[in-house]
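Visitor: I am new to this structure. Please take one part of it, the salt bridges, and go through them closely.

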Amino acid sequence: MLRTYVRADDRLRAAALVAEAAPSPETAVANEAAVIWYDLVEPSLAESRHVEASLGLTLPSRDEMEDIELSARLYQENGAEFMTMTALTNLDGDEPVKTPVTFILTDCALATLRYGESRAFAAFAARAVRTNGHALQNAEVVMLGLIEAMVDRMADVLERIGNEIDGISRSIFRAKAARSNKKQQDLQSLIEQLGQKGDFLSGIRESLVSVTRLVAYHAATENPGRKSGKEARQMIKLLGRDATSLGDHAAFLSGKINFLLDATLGLINLEQNQIIKIFTVASVVFLPPTLVASVYGMNFQLMPELQWSLGYPWAILLMIASAALPFLYFKRRGWL
């Protein structure tokens with residue numbers, strides 16, 4: 001899908017929605033001069049060829065966008081900047097999807113190439129067409145506004161994850177289950193939740209690192225045909241600081257998750273040790289009565305207690321006393 005936007009009174013206006021076939025060359029020459037933003041979402045071959053002809057550039061393939069080498073993600077070609085970052089989609093769920101997003105910035109237009117819908121793009125486009133939105137002087141400001149919307153989206157997600165981690169922390173350290181097996185099941189469920197949050201944060205940190213590199217590269221790139229205005233320079237500084245601070249916050253949350261994982265595993269070990277301790281104490285408590293019963297179960301002829309009328313009650317009391325004394329001793333020492 002190809003969406004095009006033109007600049008009108010420092011605002012964006014949707015110009016066309018190209019679904020499959022590109023317009024004729026005559027129509028393209030008449031309309032493309034005013035287009036400031038080409039937004040390609042899983043484009044078809046015809047849509048890609050249409051944008052390439054309009055900008056005089058070659059769009060990278062999806063395999064090229066997914067390369068992890070820095071030189072393959074940030075480079076210049078024919079006077080245009082090609083900048084690829086790692087974005088996240090499906091941020092409202094528990095399983096975000098990583099997808100590359102490429103910004104192709106020329107002197108007069110911006111092209112974004114992506115393979116997944118993003119609420120940040122839709123939110124920016126909706127805000128940019130309103131009369132009370134920020135003034136969009138050129139394609140560079142459009143690109144920085146898109147990145148800012150993505151960073152704001154990740155900030156909201158980090159806030160949500162932080163609140164969820166706080167809830168998990170309360171469940172770990174303040175929950176009191178009536179049965180130990182139920183508590184262990186709850187702790188195991190919490191481990192799964194912490195693992196999901198950890199994967200989520202890993203994706204966000206990777207995306208923020210790519211934003212930091214992209215912004216730093218764009219700020220360091222010199223282009224004689226394009227001079228950044230005051231607003232663009234301020235946005236670049238703010239984006240760099242925001243991405244860095246959010247990365248630090250994501251690292252803090254990752255450390256908190258590791259702590260909670262260690263604490264949860266420790267609590268599970270304590271519960272298991274408590275069960276083993278109960279069985280150990282029970283075996284020690286019942287060992288003396290077993291010894292008494294074994295002695296009086298011997299088949300020797302000369303055992304005076306066997307002919308004693310109080311021998312049976314005496315053996316029972318002796319077994320009870322031999323079981324009670326170790327139990328009371330353990331209780332007094334605080335081992336139970």
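Guide: The side chains of Glu52 and Arg49 meet in a salt bridge, at 3.3 Å from N to O. A salt bridge here is a side-chain nitrogen of Lys or Arg within 4 Å of a carboxyl oxygen of Asp or Glu. Both residues lie in helix H2 (residues 45–55), 3 residues apart, about one turn of the helix. Helices (H or I, at least four residues) and strands (E, at least two) are DSSP runs, numbered from the N terminus. Glu52 counts as buried because its relative accessibility is 14%, while Arg49, at 47%, counts as partly exposed. Buried means under 20% relative accessible area, exposed over 50%, and partly exposed in between (1.4 Å probe, protein chains only).

Some notes on the source belong here. This is a predicted model, in which local features need pLDDT of at least 70 and side-chain atom pairs count only at pLDDT 80 or more, while totals for chains, interfaces and linings use all residues. Residues are numbered from 1 along each chain as its sequence is written, and side-chain values use heavy atoms, with hydrogens and water left out.

Side chains of opposite charge can pair when their charged atoms come close. A search of the whole structure finds 12 salt bridges. One of them joins the side chains of Lys98 and Glu206, at 2.8 Å from N to O. Lys98 lies in strand E6 and Glu206 in helix H7, so this pair ties together parts that are 108 residues apart in sequence. Lys98 is partly exposed, with a relative accessible area of 48%, and Glu206, at 35%, also counts as partly exposed.

Another salt bridge is formed by the side chains of Asp39 and Arg114, at 2.7 Å from N to O. This pair links distant parts of the chain, with Asp39 in strand E3 and Arg114 in strand E7, 75 residues apart. Asp39 is buried, with a relative accessible area of 2%; Arg114 is buried too, with a value of 2%. Asp39 and Arg114 belong to a network of salt bridges that also links Arg3 and Glu117.

Asp39 has a further partner: its side chain makes a polar contact with the side chain of Thr112 (2.8 Å). A polar contact is a pair of N or O atoms within 3.5 Å; within protein, one must be able to donate a hydrogen and the other to accept it, and residues adjacent in sequence count only if both atoms are side-chain atoms. Thr112 is placed in strand E7 (residues 110–114) and is buried, with a relative accessible area of 0%.
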